[in-house]
Every structure is written in C-alpha cells, then in structure tokens.
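Me: Please go through the model shown here with me, as a set of questions and answers.

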Amino acid sequence: MSEIIVVSSGKGGVGKTTTSANIAAGLALRGKKTAVLDFDVGLRNLDLVLGCERRVVFDFINVINEEASLNQALIRDKRLPDLYILPASQTRDKDALTEDGVERILEQLRSEFDYVLCDSPAGIERGAHLAMYYADRAIVVVNPEVSSVRDSDRVLGILASKSKRAEDGREPIREQLLVTRYEATRVAAGEMMSVDDISDILGIPLLGVIPESSGVLEASNAGVPIVLDENADAGQAYRDAVARFLGEDLEHRFINVEKKNLLKRLFGS
Amino acid sequence: MSRQQESCRFSIVPFALTVAQPGSADPEIFAAALNAKLKQGGSFLRHAPLVLDLDLITKPVCIADLTNRASQLGFRVAGLATSDHAAYEEQAAANGISIIGGARSQKPDSVKARTATQIVEHTVRSGQQAYAHDGDLTAAAGVNPGGEVVAQGCIHVFGRLRGRAMAGAGGDAQARIFCTCLEAELVSIAGVYQVLDGDDQPCWKGPAEIRLHGGSLKIIKR
C-alpha cells in the first residue's frame, strides 16, 4: 500500500527540503520506488538539493494545467533509479496550485509509487495546506529552538484538524518528529533545547535526530543528498531515520555528547 | 453655541429599575405585597419608577387595576415587561405606559437545563482555541504555549497549562481556573487578566487555582 507523506515544519529554514531530499533518497536506496514533490511554488529549491536543476523542463504547475503529462515532468534521479522528482514552478505562485489538480497528481503518483513525499513550503497558507491535505503520514521537522517548536506545534494542530483524513473522519495522519541541526555539546551546556524538551511539548514519536554538520550544507550545495555519504554522521542519521520510517526499531544516536578519544583530544577533531 | 445644544440631544443610557413580579392577577394581593415591601424598609421605592413583570401570571391581567393600586401606595409604574407583547399592547397604550422588554426572568417551572462541560481530549496546541460557550471546560491533555482555552464557566486543565486560560468569558466573576501544572502565559477571569512569569510565582509548575478576589486575580497553591 503506497503512502503520501508530507514534510512540514511551519517555520522556514529548519531543513524541510533537505529532509525531503534525504528521506526520499534514503527510501530509494532501500529499493522503494519514491517520488518527491516540491510544493514551494515560486521558490523552487528541491531540484538544487537533489542536483537535477539543469534537467527541469516541465514542472508541477504545467502538470496541473495539463500542459505536460506527469511522466514528462517527473525527473528520474541519475544515481538512484527508484527516485523521481517533480519540481515546483519558479515563475508562478501558490495560487496556481489547485485542489483538484493536486489531488489528481497525487492519486496518479500513489498508483505508481511506494512512497510520495510532499516537500511543504514554510508557513500555514495555501501551499503548505495543499501539501499536507491529502497526506497519510507526516514528518514534522523541528530545530532545537522554541520558535521552531511552537510553529511545529501549530502545524500538528492543523494536521489533526484540517487534513482530508480529519475532514473525512478517518484515522488521523501518522505524525513523526525529526529534529535537525542538533548540537549535543550545546544541549549539554544548556544552550539548546534537548530532544526531551522538544518531545515533551510536541508529544509525537521521534523519527530521528540529525546532528548539525557542515557536511549537510556542502552536500546541498553540491546537489548530493548527504544520505548517500555513508561516512557522514548526518548521512547515517538520515539512514537511521529512514529505517525507523520503514518500521525498524533502532536506538537513537547523536543525542549525547560523544567522548573524544585520546588522539582526537590531542590533535583536535 | 451649536445648533445641537439648542434643540435636543439623544443618547441611549441603561438605567437600573426596580422590577415587581406579581404572582397573581388579583390587585388586592399585589397591593398587600407592595405594602409589605414598604414596611420592610422599601420606602426608598416611593415615587420610584417600577416595572411590572407579568410573566409569572398565567391568567389575563387588568393593567389598570394593578397600576391604580400601585399609584395609591406611591409607586409609579413606568413600564411593562412581558414575553407576550400582543396580549398587553392595547392595555399598555390605554394606560399610557410602554412595554419595556420581554421575558426578563425565568419562570419558576422552567428550570434551566445543566450545560454539559466541554471536554477536550487532545492537547490544545499552539494556535488552537477551545471554547466552551455556555459552561465549563476541561482540557484533559494540557494546553501548549500559544494555545488557548476559553469558557463561560470554570476551566480545568489536567497536564500542563502552558498557553492561555480565560474563565468567566461572559463576565462570571465566580468562575475559576484549576490546573495540575501551572506554566501559563496568561490567565483571565471575567476579563481581569494577568500575564505570568515563572520567576515570581510560588505555585509555578505546580497545581494551582486561580480565582477573582477583590478585583484582582489570586493564585492559590492546590
């Protein structure tokens, strides 16, 4: 049974697009046929993060307006044969997204893919609403700071009340929490909210904790999702999150400060 | 001098009036009741405007009989209050008094049904509002920062109250807020509000009751 997943956060800049790209790539790595859609019409980024910006011919809005077929607009990743990207339009705005059009595209994708990820724009307006409206599951991305937690709390309230599942009175959207840009040393120093602080407020199951890492930025700039880098801690954290997403029970890593070994202590990390 | 001052100024001002609710249409019984009131020390009511509320009487009433007996005792009937306008319109006009309002009071036999407490099972999240329009509200799973619970009556919060709680939203000063863990941003009863800061609260993060006392909010450890 295929599923539609929204990646949402409310607040901007917390790592929704990075997470969408990495979870989608991680699922494809595991052999799941996955499509990832950029709902941020007018501020197209997902194609950059996945390194396919020079292959965009048609976009989401073209498909909605029936100027192109879905198969024409979907871009197949060059590294991962199971990963497909539907880019947003850069020249239009969110009003170009129609409820009927989004539903039609999602239903078609549902019949062809195992997982359909919707990369939500920031905010709680039209683009974000349509990205979450038809979802079966949600990955709520949050940074360890109070403003991000509050915005995610708001998004969780909307997921519970304004989604199609809620309106139809079906089983609610299955929500999971992904904490990004986590710095265990700063948490230990009391400068940053801990995973427990965040979970205490949001009260949904933890999908994973992605440590703050310079590798994420470099990978995004290079258009290579960090999940493909087996040696990067953030890459491993995304792999763990994907495994948990698929139902595996893994212990959480990167939450506590790692003790440096003698060599690292002597020569720095 | 402006023209307005020369002629007449109009404004709407609510006045407090004494309302008499006769239980019977018999003018003698009514007169006896008024007399008893005067003897009780109601002499300040003499020459005061009186509103006759007719809703307790089921039989047809002769307005002239009642107003005559009232004026003999020094009362001045200023108006009628009835839920049945049509029945008294003619009599009121004949006696030169107006019908002021409708059913002001509850009939004794129509006991008001208890309004059910609104129970919110899920956590009230940031941006959500739970509103109990005519009764109490119970938030069974806490209120997050940015969330809001409002009730005409009392509010009970199990779990953490971290958002806003506003009890007595219709003006009921007797309403109270109870919570098992007080971390609220703002509490209010009958429009009197207070923003809270953990530093100066003795019951912070503990069970508490908030009530209105002498025009200000009192936070009591529970």
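Reply: Helices (H or I, at least four residues) and strands (E, at least two) are DSSP runs, numbered from the N terminus. The model is predicted, so that local features need pLDDT of at least 70 and side-chain atom pairs count only at pLDDT 80 or more, while totals for chains, interfaces and linings use all residues. Residues are numbered from 1 along each chain as its sequence is written, chains are lettered from A and ligands numbered from 1 in the order in which they are written, and side-chain values use heavy atoms, with hydrogens and water left out.

Me: Where is A25(B) found?
Reply: A25(B) touches I57(B), P60(B), V61(B) and L66(B), leaving aside residues up to four places away in sequence, where contact means heavy atoms within 4.5 Å. From P202(B), A25(B) is 177 residues apart in sequence and 60 Å apart in space, C-alpha to C-alpha. Its place in chain B is the loop between β1 (18-20) and α2 (27-39).

Me: In which strand does I100(B) lie?
Reply: I100(B) touches L17(B), V51(B), A78(B), G79(B) and L80(B), again not counting residues up to four places away in sequence. Between I100(B) and V51(B) there are 49 residues in sequence and 8.1 Å in space, C-alpha to C-alpha. The strand of chain B that holds I100(B) is β4 (residues 98-101).

Me: How much area do chain A and chain B bury between them?
Reply: Nine residues of chain A are in contact with 10 residues of chain B. On the side of chain A, R150(A), D153(A) and I201(A) lose the most area to chain B, together 52% of what that side buries. Buried area is the accessible area (1.4 Å probe) that two parts lose on being put together, summed over both; here 36% of it is on carbon and sulfur atoms, and the total is about 820 Å².

Me: Which element gives the largest share of the side of chain A that touches chain B?
Reply: Across the interface of chain A and chain B there are four salt bridges, each a side-chain nitrogen of Lys or Arg within 4 Å of a carboxyl oxygen of Asp or Glu. One of them joins D200(A) to R162(B), with the closest N and O atoms 3.6 Å apart. Two or more residues on that side of chain A come from each of α7 (146-162) and α10 (195-202), and the largest share, five residues, comes from α7(A).
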